[in-house]
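Dear colleague,

Please find the structure below, handed over for your own work. My notes on what was found in it follow directly after.

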Amino acid sequence: MSEPEQDHSWSRRERGEVGVRSKGSPGRPRLSSSQTARLKRELERGPLVHGRADQRWTLARVKTLIGRLFHVSYTVEGTWRILRRHGWSWQQPARRAIERDDAAVEVWKKETWPRVRAPRRPSRRGSSSRTKPGSR
């Protein structure tokens, strides 16, 4: 017969409560200063260079870029912390697109939208049975 299974409570016997106390989360791997510098250069090159269809860096896109470049996985929140720590900030466009025609948008809302919007079905009494024809 094989040896009995080892008793894993040895650390408590040897080191007391300190031996079994949690040392906390190991945390996420951090980017080195050279990796951070490279990430900054890549972000400045823009999303188009990295195969994106538009000029927006989202946290999910930056997270994916970090994974591709450095084979390190971060959460979206962790990605935000990295960017903020290194001076990047959240931004949104200050103005609307030049191509936007506000008058055309208002006409569409008033004329086209009411025609394409599906009418609400009138409420009526029915049966909850799926087999009764009147319940459909």
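Arginine 61 counts as buried, because its relative accessibility is 16%; buried means under 20% relative accessible area, exposed over 50%, and partly exposed in between, with a 1.4 Å probe and protein chains only. Its salt-bridge partner is aspartate 54, with 2.6 Å between the closest N and O atoms. Here a salt bridge is a side-chain nitrogen of Lys or Arg within 4 Å of a carboxyl oxygen of Asp or Glu. Aspartate 54, at 24% relative accessibility, is partly exposed. A network of salt bridges links Asp54, Arg56 and Arg61.

Please note that this is a predicted model, in which local features need pLDDT of at least 70 and side-chain atom pairs count only at pLDDT 80 or more, while totals for chains, interfaces and linings use all residues. Residues are numbered from 1 along each chain as its sequence is written, and side-chain values use heavy atoms, with hydrogens and water left out.

By the rule above, the model has 5 salt bridges. One of them joins arginine 100 to aspartate 102, at 2.6 Å from N to O. Arginine 100 is partly exposed at 41% relative accessibility, and aspartate 102 is partly exposed at 43%.

Another salt bridge pairs glutamate 106 with lysine 109, and their closest N and O atoms are 3.6 Å apart. These two residues lie 3 residues apart in helix α6 (residues 102–116), which means that about one helical turn separates them. Helices (H or I, at least four residues) and strands (E, at least two) are DSSP runs, numbered from the N terminus. Glutamate 106 has 37% relative accessibility and is partly exposed; lysine 109, at 46%, is also partly exposed.

Helices α4 (59–70) and α5 (76–85) are the elements that give two or more residues to the lining. The lining comprises 9 nonpolar, 6 polar and 1 charged residues.

Ala, Val, Leu, Ile, Met, Phe, Trp, Tyr, Cys and Pro count as nonpolar, Asp, Glu, Lys and Arg as charged, and the others, Gly among them, as polar.

With kind regards
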